[in-house]
Amino acid sequence: MDLVKLWMIAGSREFETSKKPLEGITKKGIEFINENVTKIDLQNKIVRTSYRRLHYDYLIVALGVELAPEQIPGLKENSLVLYDINDVPRIRDAVRSMKSGRIAMAITGLPYKCPPAPYEAALLIRSVLEETGTSNSIQMDFYSLTPITLPAGGPQVSEEILQILKSKNIEFHGNHKTVSVEQHKIKFESGEAEFDLLIAVPPHKVPLVAVDCGLAQPGKFIEVDRTCRTKSDNVYAIGDVNQIMVTDKIAVPKAGIFAEGEGIAVAKNIVSKIKKEFEGAVFDGKGGCYLETGKKTAGYLRVDMYADPAPVTELKPPTPDYFLEKEKFEKERLEKWL
Ligand SMILES: Cc1cc2nc3c(=O)[nH]c(=O)nc-3n(C[C@H](O)[C@H](O)[C@H](O)COP(=O)(O)OP(=O)(O)OC[C@H]3O[C@@H](n4cnc5c(N)ncnc54)[C@H](O)[C@@H]3O)c2cc1C
């Protein structure tokens, strides 16, 4: 699970001891085929992998996103990528060995997975620096191409997150669109800044296989509504690979909790269809996630994407209890699925 990446940065978890084999789903009578999907043939209802062809009656596409740091010149070479499991231990070690200087964090593309996660990462890093006694000599700057911290959460939640960042001496710079990165220098559409360590959330892209089959337009995610049905018969797209617009400006954020909700709606509808019953399930848009703030505390972001008259997000202030709930959230999900 992606959220473990943040605990690895905080130094409380290791990747090897956090993994759980996906083979566990065979307990539920699901065959697990660990092969690369190379092609989806919508016309003939066939999924091709590197080794076989699988015929389907129903297809749920849940390919996630691909990270695309190469879209920004110099980003790959001069930063550590927050969402890349290979870079996460490097981030942990770089932060712990730093004695003074500037850490820059940058959100460089939209949309990106788990909108609050980069702020959690910044707060956890600040917490590590406090532990190592270097906090006072390390400046932290957070650059985002959005004007406020969490546009999907609205101005009030964004302001609350801004205040949490300020209280930890992390300076937020909105409207900073990264155009290129050089050694120790990040360049924006307007202006530039220096850093000793750059931790970046890179642009995300839809997996090529979803574009090649025609489910996604180039440069876009698979557009679906609350039923997650694609334009192809009996083919659904759930999770990060899709885009569900709630209003003309607001899309469902890319988060595991929403991928799960979408999956539940799709599963219900497929069962109804097989039973020749009414397919009335829709993704309910309800969910939430924890915003860790360091020292075993977390806030809770409660989200209702289809609240009337407009989407609602509220941030419950950080407490140790929400941190414990976050740990429980991971445990429960792993037990339920695997
Ligand atoms: C640091 C971090 C923290 C997060 N914290 C939270 C949190 O607290 N709460 C929350 O709700 N969300 C959180 N998220 C977001 C969450 O992890 C994602 O939204 C979620 O994993 C999306 O699920 P998915 O199934 O759509 O995609 P994924 O989990 O990415 O799964 C897609 C799978 O498809 C596979 N795949 C891709 N292409 C192919 C192919 N061609 N052939 C075969 N397999 C393929 C991939 O390898 C991958 O295993 C966090 C994300 C990050 C990065």
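Between which domains does the ligand lie, and why? Domain 1 (3-14 + 66-205 + 286-337) and domain 2 (35-65 + 206-274) both give residues to the shell around the ligand, so the ligand lies between them; the domain bounds come from an automatic or database domain assignment.

The model is predicted, and local features need pLDDT of at least 70, side-chain atom pairs count only at pLDDT 80 or more, and totals for chains, interfaces and linings use all residues. Residues are numbered from 1 along each chain as its sequence is written.

Around the ligand there are 25 residues, of which Asp2, Gly64, Cys114, Gly239 and Gly256 come nearest, a residue being near if its C-beta atom, placed from the backbone, lies within 6 Å of the molecule. Two or more residues each are given to this shell by helix 1 (3-10), helix 7 (256-274) and strand 18 (286-294), where helices (H or I, at least four residues) and strands (E, at least two) are DSSP runs numbered from the N terminus.

Strand 13 (residues 197-201) is largely enclosed by the rest of the structure, because five of its five residues are buried, that is, have 20 or more other C-beta atoms within 10 Å of their own, with C-beta atoms placed from the backbone. Leu197, Ile199 and Val201 cover one side, while Leu198 and Ala200 lie on the other.

| Partner of strand 13 | Sense | Bridges |
|---|---|---|
| Strand 6 (residues 80-81) | parallel | two bridges |
| Strand 7 (residues 101-107) | parallel | five bridges |

In these pairings Val81 stands opposite Ala200, and Met105 stands opposite Ile199.

Key
Buried ≥ 20, exposed ≤ 12 C-beta atoms within 10 Å, placed from the backbone. Pairing = 2+ DSSP bridges.
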